[in-house]
Amino acid sequence: MIDNITMNGPKMVSLFSGCGGLDCGFMRAGFNVIWANDFDSDAQAVYRLNLGEIDGRDIMTVNADEIPDCDILTAGFPCQPFSSAGNRRGVHDSRGMLYKECLRIIEKKMPKVIVFENVRGLLSTKYIDGRNLAEVIVSDLSTMNGVGYNVVHRLINASDYRVPQNRQRVLFVGVRKDLNITFVFPDKQSKDGLTLGNVLPVPDDATHQVDWPLSPQALEMISYIPEGGSWKDVPYEHLAPRFKRIRDNMKKYHSPNFYRRFSRNEICGTITASAQPENCGIVHPVENRRFTIREIARIQTFPDDYVFIDDSLKNITAMYKVIGNAVPVNMANAIALAIMQQVFCEGSIKQ
């Protein structure tokens, strides 16, 4: 799947690698992933099937000396503590401090470049001392080991980088200060061809064309939702009691847009790990079902030969989780190509 040219590319260490979306995008750009780590067993299994070996230990138990030296370190540390879909406990959730593990390893390795990826909620999260967490991360990196990094961060929409999904994520990119380079985010790209009508038709021989069955209640609901509609189109008498309570007081519940069925002429909304109709646009435009594993993989821009595991319902639901948690491949590739050009191409970096 990935060309052998990556073996000669800049050496990359990948933390919180998931099932490999970010790594796949960086490998396509010519980076050589020499060490990857993720604690989730489902993500590990998919990563190994497609990209190679991955360390499955809890990163908190890994001594930095066990990790090889590298040119670039990437980390998509857990986003749930900062997500609007979660309880937003931020740094008060133990997972919210895992970026400190990244700092521990960066301090030991001092790679030329670091890349962090997370949800937009991180930008509004306060650190334990009241400071903005994003500012803390920039400050920590800018003074690292007396050398530090020139760090820029930006909230980006994946659909600006050839991903058929309106998925907002914050990216931090830091370049070691002694290289005298400040990263510039790549220009936005055309959104032509990103609608679901262009993405969903899959080849007849495509693998993983299986879906996680909806509950009887969900099936009843979506049978009344037209293409491009949502739960608000469901006749009141066909709503479950919980939804009736919300419909009765939309202002109190901030007019939620559950059960969004994006149309074929729209770009999809964010695919989440939960794959629940309440949380994301997981319902097929015209068929009364969830998107299949292959369809959500396409929406996340995984190549059609990327292998998942669907031999049981447990594994099928796990695949929705790992794909929903992944960094879209095309978005990762756009950032990787910009880093390669600005930092690692001949003439751009001090050797």
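Predicted model: local features only at pLDDT ≥ 70, side-chain atom pairs only at ≥ 80, totals over all residues.
**Helix α1 against helix α10**

- On the α1 side, the residues in the contact are Gly21, Leu22, Cys24, Gly25, Phe26 and Arg28. They meet Val329, Asn330, Ala332, Asn333, Ala336 and Ile339 of α10.
- Sorted by type, the residues of this contact divide into 7 nonpolar, 4 polar and 1 charged.

**How α10 is covered**

- Helix α10 spans residues 329–344 and is mostly covered, with 12 of its 16 residues buried.
- Which residues of α10 are buried? They are Val329, Met331, Ala332, Asn333, Ala334, Ile335, Ala336, Ala338, Ile339, Met340, Val343 and Phe344.
- The cover over these buried residues includes α1 (21–28) together with the strands β3 (72–75), β4 (113–119), β5 (149–157) and β6 (168–176).

**Helix α2 against helix α9**

- Here is another helix pair to bring up on screen: α2 (residues 41–50) and α9 (residues 313–325) have axes that come within 9 Å.
- Their axes cross at roughly 80°, and α2 and α9 are therefore roughly perpendicular to each other.
- In this contact, Asp42, Ala43 and Val46 of α2 meet Ala318, Met319, Lys321 and Val322 of α9.
- By type, the contact of α2 with α9 has 5 nonpolar residues, no polar ones and 2 charged ones.

**Aromatic pairs**

- How many aromatic pairs does the structure hold? There are 13.
- One of them joins phenylalanine 243 and tyrosine 259 in an edge-to-face arrangement, with 5.7 Å from centre to centre and 75° between the planes.
- Phenylalanine 243 sits in helix α7 (residues 241–248) and tyrosine 259 in the loop between α7 and α8 (293–299), so this pair ties together parts that are 16 residues apart in sequence.
- Phenylalanine 243 and tyrosine 259 are both buried.
- Tyrosine 306 and phenylalanine 308 make a tilted pair, because their ring centres are 5.6 Å apart and their planes lie at 45°. These two residues are both buried as well.
- Ring pairs also link Trp231, Phe243, Phe258 and Tyr259 into a cluster.

- Phenylalanine 16 has a positive phi of about 50° although it is not a glycine.
- This phenylalanine 16 belongs to the loop between β1 (11–15) and α1, where it is buried at a relative accessible area of 15%.
- Methionine 110 is a further non-glycine residue with a positive phi, in this case near 45°.
- Look for methionine 110 in the loop between α3 (99–109) and β4; its relative accessible area of 14% makes it buried.

- Is isoleucine 34 buried or partly exposed? With a relative accessible area of 30%, isoleucine 34 is partly exposed.
- Isoleucine 34 is found in strand β2 (residues 32–37).
- Setting aside neighbours within four places in sequence, isoleucine 34 is in contact with Lys11, Met12, Val13, Pro68, Asp69 and Cys70.
- Isoleucine 54 lies in the loop between α2 and β3, and at 2% relative accessibility isoleucine 54 counts as buried.
- Not counting residues up to four places away in sequence, isoleucine 54 touches Ser17, Gly18, Ala36, Asn37, Asp38, Gln44, Tyr47 and Arg48.
- One of these contacts, glycine 18, is 36 residues from isoleucine 54 in sequence and 9.8 Å away in space, C-alpha to C-alpha.

Key: Residues numbered from 1 in each chain as written. Heavy atoms only, no water. Buried < 20%, exposed > 50% of the residue type's maximum accessible area, 1.4 Å probe, protein only. Helix = DSSP H or I, 4+ residues; strand = E, 2+ residues; numbered from the N terminus. Contact = heavy atoms within 4.5 Å. Nonpolar A, V, L, I, M, F, W, Y, C, P; charged D, E, K, R; others polar. Phe/Tyr/Trp six-rings, centres within 6.5 Å; stacked < 30°, edge-to-face > 60°. Axes fitted to C-alpha atoms, helices over the stretch in contact; angles between N-to-C directions. Parallel < 35°, antiparallel > 145°, perpendicular 65-115°, else oblique.
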